[in-house]
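Look at the sequence and the structure first.

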Amino acid sequence: MRLDKFLKVARLIKRRTVANEVCDSARVFVNEICAKPAKQLKVGDIITIEYKNLTKKYEVLLIPSGNVPVNEASSLYKELD
């Protein structure tokens, strides 16, 4: 699954267009490498998102085949410290 779509489906970023903009502005990294929106994710990848004054890291636990319900979205990733 594409990075921008995963960010939207997992509800880490609200809209896919916003996910595209964040990726294009070099604030999203996959396995410590700056990632484009079309980057293909796999289980075990580490996603780092840089916000204005904090950085969050997530590990991909599951790649969905499509959209998932809101209550299951958090099962797609694990937040790292």
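## Salt bridges

A salt bridge here is a side-chain nitrogen of Lys or Arg within 4 Å of a carboxyl oxygen of Asp or Glu. The model is predicted. The structure holds six such bridges. Arg2, Asp4 and Arg16 are joined in a salt-bridge network. Asp4 is buried, at 0% relative accessibility. Arg2 is partly exposed, with a relative accessible area of 31%.

Glu32 forms a salt bridge with Lys57, and their closest N and O atoms are 3.1 Å apart. This pair links distant parts of the chain: Glu32 sits in the loop between strand 1 and strand 2 (33-34), Lys57 in strand 4, 25 residues apart. Glu32 is exposed at 56% relative accessible area, whereas Lys57 is partly exposed at 29%. Another bridge joins Lys78 and Glu59, with 3.6 Å between the closest N and O atoms. Lys78 lies in strand 5 and Glu59 in strand 4, so the bridge ties together parts 19 residues apart in sequence. Lys78 is partly exposed, at 40% relative accessibility. Glu59 is also partly exposed, at 21%.

## The nonpolar core

In soluble globular proteins, nonpolar side chains tend to be buried together. The largest nonpolar core in this model has 23 residues. Leu3, Phe6, Leu7, Leu12 and Ile47 touch the most other members. Helix 1, helix 2, strand 1, strand 3 (46-50) and strand 4 (55-60) each supply at least two residues. Helix 1 gives the largest share, four residues.

Beyond its neighbours within four places in sequence, its contacts include Leu3, Phe6, Leu7, Val28, Leu41, Tyr58 and Val60.

## Helix 2

Which residues of helix 2 (residues 16-24) are buried? They are Ala19, Val22 and Cys23. These residues cover an arc of only 100° around the axis, which puts them on the same side of helix 2. They pack against helix 1 (3-9) and strand 1 (28-30).

The face turned away from the buried side carries the exposed residues Glu21 and Asp24. Ala26 follows helix 2, with a positive phi near 60°.

## Ile63

Ile63 is found in the loop between strand 4 and strand 5 (77-80). Ile63 is partly exposed, at 26% relative accessible area. Leaving aside neighbours within four places in sequence, Ile63 contacts Met1, Leu41, Lys42 and Val43. Ile63 and Leu41 are 22 residues apart in sequence, with 7.8 Å between their C-alpha atoms.

How values were computed
Residues are numbered from 1 along each chain as its sequence is written. This is a predicted model: local features need pLDDT of at least 70, side-chain atom pairs count only at pLDDT 80 or more; totals for chains, interfaces and linings use all residues. Side-chain values use heavy atoms; hydrogens and water are left out. Buried means under 20% relative accessible area, exposed over 50%, partly exposed in between (1.4 Å probe, protein chains only). The arc is that of the directions from the helix axis to the C-beta atoms. Contact means heavy atoms within 4.5 Å. A nonpolar core is a set of buried Ala, Val, Leu, Ile, Met, Phe, Trp, Tyr and Cys residues joined through side-chain atoms within 4.5 Å.
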